[in-house]
Amino acid sequence: MFKKFSSEEVSAQNQVKASVQRKIRQSIAEEYPGLEPVMDDILPKKSPLIVAKCQNHLNLVLVNNVPLFFSVRDGPYMPTLRLLHQYPDIMKKLQVDRGAIRFVLSGANIMCPGLTSPGGVLDEEVEAESPVAIMAEGKQHALAIGFTKMSAKDIKAINKGIGVDNLHYLNDGLWKMEKLD
């Protein structure tokens with residue numbers, strides 16, 4: 001999704017009204033209850049919240065020109081990897097084995113066998129159509145953020161095809177864009 005992403009793909013940036021800002025904060029708080037104690041540090045009520053509309057129905061939530069969350073169409077807001085590295089426990093995690101790491105880092109979707117093999121770890125509570133952090137075997141930080149296509153139980157049972165859509169990964173366009181000018 002963000003493979004060749006750059007600031008040129010941003011079509012409009014709008015500072016949102018207080019009511020819209022409250023709605024965004026509320027939906028993020030509902031999706032990530034672990035962020036509740038630090039929500040005012042991440043999304044301060046006083047600083048302006050900017051929503052940047054990009055190509056491919058993509059929205060970026062910016063504070064001080066730093067992208068913090070993104071959403072596709074009207075889907076859930078997902079944190080950027082930089083934010084996830086600061087607060088690593090806010091998302092459910094799935095772990096891929098060592099063999100899948102290089103493919104995930106080049107933007108490939110996460111296949112079921114990469115999650116079910118001996119190096120992979122599945123969180124049984126993960127439902128279909130939910131945002132997850134993709135961890136790597138033997139590594140501390142997340143290497144990607146994805147959106148599950150099927151539940152963890154189905155991934156284990158079927159063990160074929162794409163299990164998680166890779167939306168944002170280390171060293172992609174969004175990762176390289178530390179600030180949006």
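**Before you click**

This is a predicted model, so local features need pLDDT of at least 70 and side-chain atom pairs count only at pLDDT 80 or more, while totals for chains, interfaces and linings use all residues. Residues are numbered from 1 along each chain as its sequence is written, and side-chain values use heavy atoms, with hydrogens and water left out.

**Stop 1: the whole chain**

Select everything and colour by secondary structure. You'll find seven helices and 10 strands; helices are DSSP runs of H or I with at least four residues, strands are runs of E with at least two, and both are numbered from the N terminus. The C-alpha trace spans about 45 × 35 × 25 Å along its principal axes. For 181 residues, a compact globule would have a radius of gyration near 16 Å, and the protein agrees because its own value is 16 Å. That radius is taken over C-alpha atoms, and the globule rule is 2.2 Å times the number of residues to the power 0.38.

Of the 181 residues, 49% count as buried, where buried means under 20% relative accessible area, exposed means over 50%, and partly exposed is in between (1.4 Å probe, protein chains only).

**Stop 2**

Select 58-63, which is β3. Six of its six residues are buried, so the strand is largely enclosed by the rest of the structure. Show side chains: Leu58, Leu60 and Leu62 lie on one side, with Asn59, Val61 and Val63 on the other, and both faces are covered.

Two strands count as paired if DSSP finds at least two bridges between them. Look for Leu49, whose bridge partner in β3 is Val63. The β2-β3 hairpin has three residues between its strands, and Asn56 in the turn has a positive phi of about 65°.

Then bring in β4 (66-72), another antiparallel partner of β3 over six bridges. Here Asn59 has Ser71 as its bridge partner. This hairpin has two residues between the strands, and Asn64 takes a positive phi near 55°.

While you're in β4, click on Phe69. Is Phe69 buried or exposed? Phe69 is buried, with a relative accessible area of 0%.

**Stop 3: the five-strand sheet**

Select β6, β8, β9, β10 and β7, which form an open sheet in that order, with mixed pairing. The edges are β6 (93-96) and β7 (110-111); each has a single partner strand, so one side of each is left without a neighbour in the sheet. Zoom in on β7 and β10 (162-169), an antiparallel pair with two bridges. Met111 stands opposite Ile162 there.

**Stop 4: Ser151**

Finish in the loop between β9 (142-148) and α6 (152-158), where Ser151 is found. Ser151 counts as buried because its relative accessibility is 13%. Leaving aside residues up to four places away in sequence, Ser151 touches Val126, Glu127 and Ala128 (contact means heavy atoms within 4.5 Å).
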